[in-house]
Amino acid sequence: MRILIIEDEVDFANALSRGLKNQGYAVDVAKDGKEGWELGAVNPYDLVILDLNLPLMDGLEVCRLLRRQRLDLLILILTARDQIRDRVIGLDIGADDYLVKPFHFEELTARIRALLRRDLRVREPILHVGDLQIDPAERIAWKGKRRLDLTAKEFSILEYLARHKGEIITSEQLMEHIWGEDEIDPFSGSVRVHIHSLRRKLGDKSDSTRYIETIIGQGYRLIASETNLA
Amino acid sequence: MKILQLQWNKIRNFFTLSRRLMLLVAGLLILLGFSQAALISIVARINIPQTIQEEMLSPTQLPPTVESTDSKIDILPTPFEVTDSTEGVLLQDVVLRQVQSISLLMAGVTAIIGILGARWITQKALSPVNRLSQMVKDIQVETLNQRVPLDGPPDQVKDLAEAFNHALERLEQAFEMQGRFVADASHEMRTPLATMRTNLEVIQQDPNATLPDYKEMSVTLIRTVDRLERLSNDLLLLARGELEVHKAPVNMGALLTEVVQNLMPFANENHVIVNMKVQEEAVVLADERLLRLAFGNLIDNGIRYNRSGGSVDITAFDVDNELTVQIRDTGEGIPSDELTKIFDRFYRVEKSRTRNRGGAGLGLAICEHIIKLHGGYINVTSTLGEGSIFTIGLPSTTSSFSDSDLTES
């Protein structure tokens, strides 16, 4: 899951970015409204955390523009403006949630997870694919009763594929949603490396695929085949 | 004394406006009634004797003629016959007494009707006032937007209602301003608080956080605490009233020189030249610390929002007991639509926001507040691309201090 933070308070944005990265999200930071709108318009973020008092372009304007461009983008307004009127305007202009500073970091991450669950395909807090169970809150995955020992990136890939189970996901999509702007590796091989290690941990072999399918020339697909249920 | 005071209070409390009005009207009517009675009796006393005597005269003259026509007439004149001068007075007394008693009775009736009428009139006259006071009583802090209805003729009650409405309007505006100020102030407080909490919570929940991470965070936290401290100082300063200003003679030349000297490193860093042309002997009665803060803010702004290689020119002249200080910079200038707002609390010129992080937009509001506390004024003119000129006027006291005093201070 890739998140864009639009926030002009550098000390705050850095802490937030670090905290969300620790939770396994790919995070970019924009320091003013204009930069936020430009980044948001170009990259396929899953969620935007938006401050309202921004230089160069007001937060509400950014929210309106982003919403007009992308209906599926999740927007969470995170601001020190606590007046009811501001909340109403923010939500009415297209934001999905509104949280007032200062807040508890735990609450913010819970709200982010709740927002990501709005995708109707994945309403349940714990994702099930075959005998795989993926818990985005705790960032733990199980295969049957065995807990998988995954790195942050591997978990993020598995989570992303699970949220889109049965769909073909290209390695570019994975790059865009799991790697932040500043950590994109020009050698896109890194996706392949992580997928390879993930498949190994899941027990997939090149001849007998049970979980992650490689569709040559297109991408990857997490499948819930009959064999998985066995 | 205490008992007397209590008695007096009791008496005073009895004489409410409606009772006073009632007593006055009733008293007036009673007075009128009785003076009318007195007047009638006096007029009667003066006029009646003459009338009676005339009437008396004609019958006494008549009897002989009547007597001649009818013998019965003899009986008739008897009262008249007895009426000599003494009997005439007796009759006059009877009539007068009757007139007096009737007029006294009328005066009494007038008094009773007067008292009842006065009661009714007072209640009637004061009822709009009662209605008004009931309406005003019903107005709460939350319903300050209500107004007293202004129907009815243009009389004292309407004046009163209008005065109330004006007062309500001012109150509402004051409350609104206060509310906005509190909202802005809390917004400015929440932002650094959020920075502190998020930094602390994120590092606390990070099992891999290292000592250098903690050290880095402590730097951030100190920076944030500094900012909160500055903000709370600024807010306290803005809440300060005139009574808390400790005024003493201040040599403005010395003060400005000191302020500029303190800002020299900052000016050099920004490649801005500061020129000063100050009339040395200018003295104002002021709180030195506050003035240093105000001029420090203004000159700091002049340097901060200048271009590299630009200049800040400071002039100070004392003319007719008014010290005029001008601070002229060669910065970008301020757009005319923002000029009126720059002294507003929490207002930040859009362009300054990207450069000056952490400022709450209180600097110029504080300058204005300080200058006004000293009975002065501050205004600004600006040309885009050329710079801005801030002009400050302060009442000076040059004449009241001798030169020797100045050199000592």
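**Briefing: chains A and B of a predicted model**

Chain A has nine helices and 11 strands, where helices (H or I, at least four residues) and strands (E, at least two) are DSSP runs numbered from the N terminus. Chain B contains 12 helices and seven strands. This is a predicted model, in which local features need pLDDT of at least 70 and side-chain atom pairs count only at pLDDT 80 or more, while totals for chains, interfaces and linings use all residues. Residues are numbered from 1 along each chain as its sequence is written, chains are lettered from A and ligands numbered from 1 in the order in which they are written, and side-chain values use heavy atoms, leaving out hydrogens and water.

**Burial and surface**

- Of the 230 residues in chain A, 53% are buried, meaning under 20% relative accessible area, with exposed over 50% and partly exposed in between (1.4 Å probe, protein chains only).
- In chain B, 34% of the 409 residues are buried.
- Chain A has an accessible surface of about 10,500 Å², 50% of it belonging to carbon and sulfur atoms; areas come from the Shrake-Rupley method with a 1.4 Å probe, and for residues only the protein chains shown count as cover.
- For chain B the accessible surface is about 25,400 Å², with 60% from carbon and sulfur atoms.

**Contacts along the sequence**

- In chain A, 58% of the contacts between residues at least 6 apart in sequence join residues at least 24 apart, a contact being heavy atoms within 4.5 Å.
- In chain B, residues 24 or more positions apart make up 72% of the contacts with a separation of 6 or more.

**Helix pair in chain B**

- Helix H5 (residues 156-204) and helix H6 (residues 211-239) of chain B pack at about 165°, with axes 10 Å apart; axes are lines fitted to C-alpha atoms over the stretch in contact, and angles run from 0 to 180 degrees between N-to-C directions.
- H5(B) is therefore roughly antiparallel to H6(B) (under 35 degrees is roughly parallel, over 145 roughly antiparallel, 65 to 115 roughly perpendicular, the rest oblique).

**Backbone geometry**

- Most residues other than glycine have a negative phi, and most peptide bonds are trans.
- The peptide bond from A:Lys101 to A:Pro102 is cis, with omega near -10°, and A:Pro102 lies in the loop between strand E5 (97-100) and helix H5 (105-116) of chain A.
- A:Leu56 has a positive phi, near 70°, and sits in the loop between strand E3 (47-50) and helix H3 (59-69) of chain A.
- B:Phe346 has a positive phi, near 70°, in the loop between helix H9 (336-339) and helix H10 (350-355) of chain B.
- B:Phe346 is buried, at a relative accessible area of 12%.
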